[in-house]
Amino acid sequence: MTDPAAPNPAAQNAAQRLAEVRARIEAACADADRDPAEITLIAVAKGMAAERVAEILALGVADIGENKAQEAATKAAVLASLPPRPAPRWHFIGQLQRNKARTVADFAAMVHSVDRPALVAALDRAAVRRGQPLDVLLQLDLDPDPDPNRGGVDPQDLAALADAVLDAEHLALRGVMTVAPPSQDARRAFDRLVGYSQVLQAILPSATVVSAGMSADLEAAISAGATHVRVGTALFGARKLASEYRT
Ligand SMILES: *Cc1c(COP(=O)(O)O)cnc(C)c1O
């Protein structure tokens, strides 16, 4: 029998890790003369069980990131069946196939990975039955040597992609996102992303979201001007290799 009064080691771990990540965010904000309230922490739960998500929600993190449509939809359904708590805001951050647009539009609050007109069209159709627009970010590929597996639009096609989203009745354009290219200094990539954010805001002033920074580089992202950081490993510990977990 477990003693219900005894501290739960897994939950203690989660609380400890969250405190460390929050301290990193606060220190980065202090260095950059920014208010930590400007930063949304997204807990990236890919590869983690629904119970781990429940744990982090109970600790007060409301934004959850996932990168695989089916894994995320299943987890969202499991969480909806658990005891009541504030409903998470789901962020879809992975590469998205058009045929999974409906799966994602049914649970996600924001899609960070919009990178091509065909996906805009599929998401717009899929979002009709939500009853409210789906927030989207344009993912930029800032790698001088692009990797087709990472996704992202070439910066020179950004304005055309933004126009496609502006024409989409059921999508709301909220900003930009990137994953720092492994071959490049992260800070340099994030500075460029913020530059493209300003280009986008000249078209649509309300598109202020800058989604950048992960466990390894959240300080560089906050220093450059990120509004949303996507943190997995530093909150949940190491994941199994993607090939080891079923999605
Ligand atoms: C996995 C993932 C993250 C989180 O990465 P960590 O290094 O575990 O913090 C952030 N963004 C995207 C797009 C991801 O796929």
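You'll find His112 in strand 4, residues 110–114. Helices and strands on this tour are DSSP runs numbered from the N terminus (helices are H or I with at least four residues, strands are E with at least two).

Before going on, know that this is a predicted model, where local features need pLDDT of at least 70 and side-chain atom pairs count only at pLDDT 80 or more, while totals for chains, interfaces and linings use all residues. Residues are numbered from 1 along each chain as its sequence is written, and side-chain values use heavy atoms, with hydrogens and water left out.

The side chains of His112 and His91 make a polar contact at 2.9 Å. A polar contact is a pair of N or O atoms within 3.5 Å; within protein, one must be able to donate a hydrogen and the other to accept it, and residues adjacent in sequence count only if both atoms are side-chain atoms.

**Next stop: the ligand**

Which residues surround the ligand? Select Val44, Lys46, Ile93, Met177, Val179, Met214, Ser215, Arg230, Val231, Gly232, Thr233 and Arg239; a residue counts here if one of its heavy atoms lies within 4 Å of the molecule.

Zoom in on Arg230, where a polar side-chain atom lies 2.9 Å from a nitrogen atom of the ligand. Then pick Gly232: a backbone N or O atom of this residue lies 2.8 Å from an oxygen atom of the ligand. Finish with Arg239, which has a side-chain N or O atom 2.8 Å from an oxygen atom of the ligand.

**The pockets**

The largest pocket has a volume of about 420 Å³ (the space filled by probe spheres set on the points, which are joined across faces, edges and corners). Its lining has 21 residues, and those nearest the centre are Lys46, Ile93, Val179, Met214 and Arg230. Sorted by class, the lining of the largest pocket comes to eight nonpolar, eight polar and five charged residues. For these classes, Ala, Val, Leu, Ile, Met, Phe, Trp, Tyr, Cys and Pro are nonpolar, Asp, Glu, Lys and Arg are charged, and the others, Gly among them, are polar.

To reach the second largest pocket, at about 170 Å³, select Asn67, Lys68, Ala69, Gln95 and Lys100, which lie nearest its centre among eleven lining residues. Helix 3 (residues 69–81) supplies the largest share of that lining, three residues. The second largest pocket's lining divides into three nonpolar, five polar and three charged residues.

**Salt bridges**

How many salt bridges does the structure hold? There are ten, each a side-chain nitrogen of Lys or Arg within 4 Å of a carboxyl oxygen of Asp or Glu.

Arg89 sits in strand 3 (residues 89–92) and Asp63 in strand 2 (residues 63–66), so the pair ties together parts 26 residues apart in sequence. Arg89 is partly exposed at 34% relative accessibility, whereas Asp63 is buried at 11%.

Then go to helix 7 (residues 186–203), where Asp191 and Arg187 lie four residues apart, about one turn of the helix. Their salt bridge has its closest N and O atoms at 2.9 Å. Asp191 is partly exposed at 37%, and Arg187 is partly exposed at 32%.

**Last stop: a loop residue**

Select Asp33, in the loop between helix 1 (9–32) and strand 1 (40–44). This residue is exposed, with a relative accessible area of 74%. Check its backbone: Asp33 has a positive phi of about 60° although it is not a glycine. Most residues other than glycine have a negative phi.

Key:
Buried < 20%, exposed > 50% of the residue type's maximum accessible area, 1.4 Å probe, protein only. 1 Å grid on protein atoms, 1.4 Å probe; cavity = no way out; pocket = protein on both sides within 12 Å on 5 of 7 lines; lining within 4 Å.
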